[in-house]
Amino acid sequence: MRVTLSELESKYWQDLDPWNFRTSPYEQEKFTATRQSLSRKTYQSVLELGCGNGALAEHLAPMCQAYIGVDAVERALTVARQMVPEASFINAFFPCTLPEGPHDLIVLSEVLYFLDTTDIKALAQQIVDNWSAAEIVCVTYLGETSHELQGDQSLEAFKSALGPSFNLVNVRCTQGYRIDSHVPLERAQ
């Protein structure tokens, strides 16, 4: 079973930073590591699914001509818009059609395990159909969650759903999280 919109909204009604993105040294280190894992210094268009209150967007938006963050919770996006006014933020609850654009970087930071396997397959299919030349970065929490799929399980489901033309490889692994990246062949050489 996937996480419901009401569960996510409840988290942000209790606290505008429910996972301590802005104050946790662990989260800040993870954001820095995410940025360091990227293959390039600049991008045309970044798409981040599950952007929350924009904490990671603060690290990514300066690297691109256009940043689009998608999140289900409007209250979180209000904070994100204040923190990163040059970025675009869209309120949507997956499964949905992702924003069109020439996205050359797609970031999925600790979002896959909020989905079920059907949603993960739908997400992968949109990426395959629309952004086959995009770099993909997945940040995966390695601790126990209260969700149906744990982090590693959701990552494996996503890798499988993307198919063999996408090669997500581990670029960093810590006790708490891992970062996997797919760099298209034309950029990997």
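Strands S5 (residues 135-141) and S7 pair in the antiparallel sense over 6 bridges, where two strands count as paired if DSSP finds at least two bridges between them. Strands (E, at least two residues) and helices (H or I, at least four) are DSSP runs, numbered from the N terminus. The model is predicted, so local features need pLDDT of at least 70 and side-chain atom pairs count only at pLDDT 80 or more, while totals for chains, interfaces and linings use all residues. Residues are numbered from 1 along each chain as its sequence is written, and side-chain values use heavy atoms, with hydrogens and water left out.

**Strand S7 and its partners**

- Arginine 172 stands opposite isoleucine 179 in S7.
- A hairpin through 3 residues joins S6 to S7.

**Burial of S7**

- Strand S7 (residues 177-182) is largely enclosed by the rest of the structure, because 6 of its 6 residues are buried; buried means under 20% relative accessible area, exposed over 50%, and partly exposed in between (1.4 Å probe, protein chains only).
- Tyr177, Ile179 and Ser181 point one way from S7, whereas Arg178, Asp180 and His182 point the other way, and all are buried.

**The sheet as a whole**

- The strands form an open sheet of 7 strands with mixed pairing, in the order S3-S2-S1-S4-S5-S7-S6.
- Strand S3 (88-91) and S6 stand at the edges with a single partner strand each, and therefore one side of each has no neighbour in the sheet.
- Neighbouring strands of this sheet are turned by 20 degrees against each other on average, direction ignored; the axes are lines fitted to C-alpha atoms, for helices over the stretch in contact, and angles run from 0 to 180 degrees between N-to-C directions.
- Helix H6 (residues 151-162) packs on the sheet and touches strand S4 (105-109), S5 and S7, where contact means heavy atoms within 4.5 Å.
- The direction of H6 makes about 155 degrees with that of S5.

**Cysteines**

- A search of the whole structure finds 0 disulfides, a disulfide being a pair of cysteine sulfur atoms within 2.5 Å.
- Cysteine 64 is in no disulfide, and the nearest cysteine sulfur, that of cysteine 51, is 13 Å away.
- Cysteine 64 counts as buried because its relative accessibility is 12%.
- For cysteine 173, the closest cysteine sulfur is in cysteine 138, 14 Å away, which is too far for a bond.
- Cysteine 173 is exposed, with a relative accessible area of 54%.
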